[in-house]
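Trainee: Could you take me through the inside of this one, slowly? I'd like a close look at what is packed in there and how the parts meet.

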Amino acid sequence: ERESLVLLCEVLETLGDGYAIYGFSGSTRQCCEIYPIKRFDESYHLIVRQRVSGIAPQKYTRMGVTIRHLTHIFKDVEAQIKLLITLSDGKPNDDDDAYRGTYSIEDTRQALLEAKREGIHPFCITIDTEAKSYLPRMYGAVNYTVIDKVSQLPLKISDIYRKLTT
């Protein structure tokens, strides 16, 4: 996943497209964290590459609050197309039993609908082989892709971006 992110950064730099990278983690609604890896106003330099290399799994995948926060950040960004690409390893969930199953999927779905109303186009890339059971509800029928093998991700990432922007 980190290798794919580096490749995507290289593609975006070559194209001159503006982008930002954020990681996120959560453990109940009192502890939702967003990690800026590269902000929109930051250049792609050694420190950003080191941050990408340092990405590691944290706690839980509490997606709704993250999508809402990133939607707020997008409000100040001038772009012809605003893409919110989520690179995920699994279903939204949390240590809090209330944020599992249907509730976590519906909260994420609602956050994605809110983002769409703000002119943001969400898309999810996942390696979760069970994603086809929940991603259509969250992202719609065509706004996601499931990569069967992590080793394929670096080969497909730039192709996915090209398809999203043309």
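Mentor: Let's start with Arg-62, which you'll find in the loop between helix 2 and helix 3. Helices (H or I, at least four residues) and strands (E, at least two) are DSSP runs, numbered from the N terminus. Keep in mind that this is a predicted model, where local features need pLDDT of at least 70, side-chain atom pairs count only at pLDDT 80 or more, and totals for chains, interfaces and linings use all residues. Residues are numbered from 1 along each chain as its sequence is written, and side-chain values use heavy atoms, with hydrogens and water left out.

Arg-62 has 9% relative accessibility, so it counts as buried (under 20% relative accessible area; exposed is over 50%, partly exposed in between, with a 1.4 Å probe and protein chains only).

Now for the nonpolar cores, meaning sets of buried Ala, Val, Leu, Ile, Met, Phe, Trp, Tyr and Cys residues joined through side-chain atoms within 4.5 Å. The largest has 19 residues, and Ile-67 and Leu-84 are among those that touch the most other members. Helix 3, helix 4 (101–117), strand 4 (120–126), helix 5 (135–139) and strand 5 (144–146) each give this core at least two residues. Zoom in on Ile-67: beyond its neighbours within four places in sequence, its contacts (heavy atoms within 4.5 Å) are Leu-84, Thr-108, Ala-111, Leu-112 and Ala-115. Another core, of 18 residues, lies apart from the largest one, and includes Cys-9 and Phe-123.

Speaking of cysteines, there are zero disulfides here (a disulfide is a pair of cysteine sulfur atoms within 2.5 Å). For Cys-9, the nearest cysteine sulfur is that of Cys-124, 17 Å away. Cys-9 counts as buried because its relative accessibility is 1%, and Cys-124 is buried too, at 2%.

Last, the rings. A search of the whole structure turns up one aromatic pair; rings of Phe, Tyr and Trp (its six-membered ring) pair if their centres lie within 6.5 Å, with planes under 30 degrees apart counted as stacked, over 60 as edge-to-face and the rest as tilted. Phe-40 and Phe-74 have ring centres 5.6 Å apart and planes at 55 degrees, so they make a tilted pair. Phe-40 lies in the loop between strand 2 (32–38) and helix 2 (46–53) and Phe-74 in helix 3 (residues 63–74), so the pair ties together parts that are 34 residues apart in sequence. Phe-74 is buried at 8% relative accessibility, whereas Phe-40, at 29%, is partly exposed.
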